[in-house]
Amino acid sequence: TSTKFTVADGAWVNGSGSDYIAMLFASVEGISKVGYYTGTGADQTITTGFQPRFVFIKRADSGENGFVLDTTRGWASGNDNYLIINSNAAQASADFGNPVSTGFFVKGTNSATNTNTGKYIYYAHA
């Protein structure tokens, strides 16, 4: 509903004695965008309507990790520092793409962000 959500009894979302985090996002024109795209295996631009400073990308059709990229950490052209959202690993570096004036650019064939026919969800914030 507009004020709450319900989870099932499964161990992955509601196991006894386990800790969980829920991240709920909404699109606000010019500020944030929740969306999805299909990977092409070639460079592509995802349009958000603004230049994001933060993006969370998660492949939805496989067990890939979710990634956080942000301009404070150095998200720009070339290698980008990133965090894996479902890991306690330190930040690492790879070239996933970069922000552009109308959205963000994802590079080539990285399975975490743009493999051909892969399904991805994202949250971008200005």
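Pockets and cavities were located on a 1 Å grid over the protein atoms alone. A cavity is a set of points where a 1.4 Å probe fits but cannot get out. A pocket is an open set with protein on both sides within 12 Å along at least five of seven lines. Lining residues have an atom within 4 Å of a point. Grid points are joined across faces, edges and corners, and a volume is the space filled by probe spheres set on the points.

The model is predicted: local features need pLDDT of at least 70, side-chain atom pairs count only at pLDDT 80 or more, and totals for chains, interfaces and linings use all residues. Residues are numbered from 1 along each chain as its sequence is written, and side-chain values use heavy atoms, with hydrogens and water left out.

The largest pocket has a volume of about 570 Å³. Its lining comprises 14 residues, of which Trp12, Tyr20, Ile21, Ala22 and Met23 are the closest to the centre. At least two lining residues come from each of α1 (11–14) and β3 (54–59). Helices (H or I, at least four residues) and strands (E, at least two) are DSSP runs, numbered from the N terminus. By class, the pocket lining has 12 nonpolar, 1 polar and 1 charged residues. Here Ala, Val, Leu, Ile, Met, Phe, Trp, Tyr, Cys and Pro count as nonpolar, Asp, Glu, Lys and Arg as charged, and the others, Gly among them, as polar.

A nonpolar patch lies on the surface. Phe5, Val7, Trp12, Val13 and Leu24 form this patch, with about 610 Å² of accessible area together. Patch residues have over 30% relative accessible area and no salt bridge; nonpolar side chains (Val, Leu, Ile, Met, Phe, Trp, Tyr) are joined within 5 Å. Areas come from the Shrake-Rupley method with a 1.4 Å probe; for residues, only the protein chains shown count as cover. Leu24 sits in the loop between α1 and β1 (32–38). Leu24 counts as exposed because its relative accessibility is 63%. The classes are buried (under 20% relative accessible area), exposed (over 50%) and partly exposed (in between), with a 1.4 Å probe and protein chains only.

The structure holds 1 cavity of 30 Å³ or more. The largest cavity has a volume of about 30 Å³. Its lining is formed by Ile57, Leu69, Trp75, Phe96, Gly97, Asn98, Phe104, Phe105, Val106 and Thr113. Two or more of these residues come from each of β7 (97–100) and β8 (103–106). β8 gives the largest share, 3 residues. The cavity lining divides into 7 nonpolar, 3 polar and no charged residues.

Side chains of opposite charge can pair when their charged atoms come close. The structure holds 3 salt bridges, each a side-chain nitrogen of Lys or Arg within 4 Å of a carboxyl oxygen of Asp or Glu. Asp61 pairs with Arg59, the closest N and O atoms being 2.6 Å apart. Asp61 is partly exposed at 39% relative accessibility, whereas Arg59 is buried at 13%. Asp70 meets Arg73 at 3.1 Å, N to O. Asp70 is buried at 8% relative accessibility; Arg73 is partly exposed at 28%. In the remaining bridge, Asp95 and Lys107 have their closest N and O atoms 3.6 Å apart. This pair links distant parts of the chain, 12 residues apart: Asp95 lies in the loop between β6 (92–94) and β7, and Lys107 in the loop between β8 and β9 (119–125). Asp95 is partly exposed at 30% relative accessibility, and Lys107 is partly exposed at 31%.

Definitions and conventions:
Patch = residues over 30% accessible without salt bridge, like charges linked within 9 Å, V, L, I, M, F, W, Y side chains within 5 Å.
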